[in-house]
Structures are given as C-alpha cells and as structure tokens.
Amino acid sequence: MSDAIKNGFQAAPLDRRNQRNQRVFRLLFLTMTVILIVPVVVILALLTIKGAPALSWGFFTESPKNGLTEGGIFPALVGTLWLVAVALVASVPLGVAAAIYLSEYAKDNLLTRLINLAIINLAGVPSIVHALFGLGAFVLFFKFGTSILAASLTLAIMTLPVVIVSTREALQSVPQSFRLACWSLGATRWQTIRKVVLPNSISGILTGVILEVSRTVGETAPIMFTGAVFFLPFLPQSVMDQTMAMSLHLYNVATQVPDIPEALPFGVALSLILMVLLLNSVSIAFRVHLRRVKKW
Amino acid sequence: MVSKDRIKLEVKDLEIRYGSHVALQGATLNIRENEIFGIIGPANSGKTSFLRAINRMDEMTSGMRVKGTLEFNGKDVSQWRNLYALRSRIGVVFPLPVGLPMSVYDNVAFAAKLRGVKGKANLDEVVERCLTRAALWDEVKDRLDSLGSLLSGGQQQRLTIARALSQDPELLLLDEFSIAVDPVTTMRIEEVLKDLKKEMTIVLVTNLVQQARRLADRTALFLAGEVVEVGKTKRLFGGAATDQRTTDYIEGRFG
C-alpha cells in the first residue's frame, strides 16, 4: 500500500482540530439549552410540591372565605374564563381580519409600513400603560365602568399584535404559487383566500390564538383598574359586572393578605398554570386534528 | 394568406419594468388565432414577464410596471373592467406544476365552480372531459379523491393542464411546461397541444429550441428584453433567419 493511501485514512492535525471544535460547540449549545430548561422545571416542581396539598375538589368549587385566607378559587376561575372569552371574541375577528388585509390585499406602501410599525409598537407597550389606557377609554370615556367588558377590551387591545403578527405569518406560509395558480384561473382575491389560503393556514392562526389565551389568562395589570376586584361573594351575571380573576387573586393572596396558610398562594399559582395548560391543550388538540386533514 | 388570419393578441411597443430594471422593451408582435406561438430565448430575457403582462398578473406582482399596448381580442387588456373575466379566458401552465392543495377532482372542478357550474353531473362531465384531453384520465380515474400533490411530477403537470382547460380558455399560456417532466410525458403533452390548437390559441414559452421547432407555427426570439425576430418557425429553423443572433441561438452557439 502506498503512503498516499495510508495517509488518506489518517486524520490530519486540521481534521482533529475541527473535530474538537465540533465537540466544544455542541457541548456549549447543549449547556445553554439545559440552563434554559432548569427554571421551568424548578418552578413547576416547586409549585407542585408546595401547592398540591392545597388542591381539592372544594378548592375549585368554593368561594374564598375569611378575607381570602380560606376557601377556594371558584369565582376567580369563572371570572378568568369570562375575561378570556370576551377578549377572544373582541380580538380574534379584528386581528384576523387586519392580518388578512395586510397580508393579502395591502400594497407595500407608506401607509402599510406605518400600520406595521404601529403594530410592532403596540406589542412593545408595557401592560400597565394598556391598563391606564383601558381605564381612561373604556371605564371612563365609554362609561362601561369597571366591568368584564372594559377589562376584556383592554386585554384584547393588548393581545391584538400577537394575533395579527401570528396570523399574518400563517397566511404568508401558504406558498405564493397557490395564489398565482388560483388567480390565473380567474378567482378573485376573496375566492382565493376562502378556498385556498385560509384552509391551509388555519392551524397557524390557531397557534396565535393559543398564545393569546396564555397571555390573557396571566395578565394582571390591565385588569386591575378596569374590571377585576379583590373579592366578590357572587359570580358575574353579565359583561357589565365586575369579577374576580385568577391572576389578580394570586397577586392578592401572595402579597396583600397577612397570615395566610403557605400552601394557598402556591395552590392558586398551580391552578393558574394548570388552567393555561388545559386551555392550550384544547387548542392544540384542535390544531392537530386540523393538521391531519391538511392538504399538502 | 396571413392577413386573413384573425389576430388574437396584438402587442405594440410593450415595455415591462421592475423598478429600474427593464425586463422587456419595445416588444411588437401579434399572435394569431389557432396558432401555436413559440417564444424562445435564454433565461432573463423577458419571456415570463411577457406572459404575466397578458393576464394582468402585474397587479399581483409587486414592483412590476407595464407600458404600451397589449390587445386581447382587439381590446387592450388594461381596459378590461373585470379582471377576473379576462383571466378566466386565459389558461396558464407554470414551469413547475402547482397542484392546488385539494383532490384531483377538485383541482379540475375548481374553475368550473368559480364560474357557477353546479350539480355533480355537470362537474363530473367537466372533470372527465378535461382530464381526458390532458391525457391523464386513464391514469387517475380511480383516484380522483386523492390529493393532487400525491401524483407524480409528470401527472401533476398534466393535471395543471387539465385545470387550465377546465376554464375553456381562448388563449393558453404555457411557461416552460416541460421543465420538470420526463421526455415521454413531454411527448404526450406535445401531442395534446397539437390537437388543442384547433380550438384555442397557444403561447408556448420554452427553453428547448427543438420543442419550438416541433410545435410552433411561428416563433419569436427574446433576448435580454428585446424581441430579436418573429417569423415562421420553418423559416427561422430553415437557416433563413434575418438576424444573425437568431441563427446563432437556434444552432446553440450561445444561450
């Protein structure tokens, strides 16, 4: 065997260095990823260990008692469902319609760019500013008072950018060639959207809605001044009523009430997270179902 | 003889720009009814832009600007009030088959449904007729409900031809249809096209010079945004081209 062939099977110094670098970088990125997961695991573990003893059937079905130091979370649970539902009803049609316009109709001109800029900026506005806006606009100016309606509209405005951006991305993931083919068959833009674009982007649009739900459930500041209250002995009857809410209730039992059993705030926090997971898994299941019938 | 033929598409001094880039300039030619009009030329010479201008896709393409006249049936396409009426008379086949994300049946029935054709029997008739004419019926008649995208590449391209035919177009635009199709299927489609020209006008953009020779009645050479020469295919390929560049391109000396 000639030397050349023998050398062909031997790693040159450069090869060895490349291989070493490859290992180093892989380890680096793996470490970063693990560091990322640690807080999630710790939070979930801590909440479960400390909060689980507080959970019982009565915890979910009873009202708080004795200045929130005893009893359950039922009114807050129901209140949050109200807030999320009304916020979705307000923001999803608006956000999806705006995204369809921006993605399918709008020409790339100054106005469109300004709208895009506005949406990005809206996403960057701190939630406490949204809260004050909601107080000024919905509670005082439109005279909704502190109510589910005012709080939900505030939440809706806050989460609109999420819906718009994610819907637009979902729409734009539908290949342009489908639109061209459809248009050249003589279809109008709306026919194209209805028959081809929407059916193929619906699962992506739902992903945006899932994100919105998670965020809406957890937000505290925007509902503090606009509709959520410390304690209500009864459930809201209409959107004009005030309500308790999970996020604000957690804030209250964790910081505002003295002499509270330690397990209770953790129980509320754990319930809040379970609620988000539950709402998400419903949408995820729906999305998986839709994706199964997806057509390309 | 020539003057008796009716003109389907009259193009005068057409200019197409994308921003400051000129894709086509000073294009003047006419396309007659029931002919196959071949357009050859290397990449980036304005062939596809020309097709896009015919069915007013410029409205859907950002930055595309069209100047000059382009008369379809004697009426400038920019004057058509109803864009969708114009597009529904013009069938388009793209270089890569674009199966819409729906079943084989729905791909072909789509245009008919858009035009308001109702009733399963009527739609069935359209689907069978168009698939048969696109030489695909025998291969797919038992799997009309499966997804269009599950067909092979060559079948998908014939599906898009069937779809274009379902519009009953007066004008069929083919943009390098054989780029992703095997030679056998290409030959089958070419036979279909020869048959189709009895009923419609066909514009065939191709980068296969020999395909233009086989099919086109007349051929135009586009080169870097300029229409170099338009003439009978027999004359151009018979060594009687007026422009030296045409002879060079046909004989494969460049491009």
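Is K143(A) buried or exposed? K143(A) is exposed, having 8 other C-beta atoms within 10 Å; the views below treat this residue and several other sites in turn.

The model is predicted: local features need pLDDT of at least 70, side-chain atom pairs count only at pLDDT 80 or more, and totals for chains, interfaces and linings use all residues. Residues are numbered from 1 along each chain as its sequence is written, while chains are lettered from A and ligands numbered from 1 in the order in which they are written.

**View 1. Two non-glycine residues of chain A with positive phi.** K143(A) has a phi of about 60°, a positive value although the residue is not a glycine. The residue lies in the loop between α6 (127-141) and α7 of chain A; helices (H or I, at least four residues) and strands (E, at least two) are DSSP runs, numbered from the N terminus. L68(A), likewise not a glycine, has a positive phi of about 70° and is found in the loop between β1 (64-65) and β2 (70-71) of chain A. L68(A) counts as buried because 21 C-beta neighbours lie inside 10 Å. A residue is buried if 20 or more other C-beta atoms lie within 10 Å of its own, exposed if 12 or fewer, and partly exposed in between, with C-beta atoms placed from the backbone.

**View 2. The surroundings of P75(A).** P75(A) is found in helix α4 (residues 74-105) of chain A and counts as buried, with 23 C-beta neighbours inside 10 Å. Not counting residues up to four places away in sequence, P75(A) touches S63(A), L232(A), L235(A) and M244(A); two residues are in contact if their C-beta atoms, placed from the backbone, lie within 7 Å. P75(A) and F234(A) are 159 residues apart in sequence, yet their C-alpha atoms are 7.0 Å apart in space.

View 3. In an unreviewed entry, UniProt lists residues 27-52, 72-102, 114-142, 148-167, 221-240 and 263-286 of chain A under "transmembrane region". UniProt positions are given in the numbering used here, feature names are shortened, and annotations may be inferred rather than shown by experiment. Residues 27-52 of chain A are 96% helix and 0% strand, with end C-alpha atoms 36 Å apart. For residues 72-102 of chain A, the figures are 94% helix and 0% strand, and the end C-alpha atoms lie 45 Å apart. Helix α5 (residues 110-124) of chain A has 15 residues, which should span 21 Å at 1.5 Å a residue, and its end C-alpha atoms are 21 Å apart, in agreement. The expected span is 1.5 Å times one less than the number of residues in the helix. α5(A) is hardly covered, with 1 buried residue among its 15.

**View 4. Strand β8 of chain B.** Strand β8 (residues 201-205) of chain B is mostly covered, as 5 of its 5 residues are buried. T201(B), V203(B) and V205(B) point one way from β8(B), whereas I202(B) and L204(B) point the other way. β8(B) pairs in the parallel sense with strand β3 (residues 36-40) of chain B over 4 bridges and with strand β7 (residues 171-175) of chain B over 5 bridges; two strands pair if DSSP finds at least two bridges between them. V205(B) is the bridge partner of I39(B), and I202(B) is that of L172(B).

View 5. Strand β9 (residues 218-223) of chain B is largely enclosed by the rest of the structure because 6 of its 6 residues are buried. On one side are R218(B), A220(B) and F222(B), and on the other T219(B), L221(B) and L223(B). β9(B) pairs in the parallel sense with β3(B) over 4 bridges, where F37(B) stands opposite R218(B). β9(B) also runs antiparallel to strand β10 (residues 226-232) of chain B, joined to it by 6 bridges, and A220(B) stands opposite V230(B). The hairpin of β9(B) and β10(B) has 2 residues between the strands, and A224(B) takes a positive phi near 45° there.

**View 6. The contact of chains A and B.** The contact takes 19 residues from chain B and 16 residues from chain A. On the side of chain B that touches chain A, α2 (83-88) and α3 (104-114) of chain B are the elements that give two or more residues.
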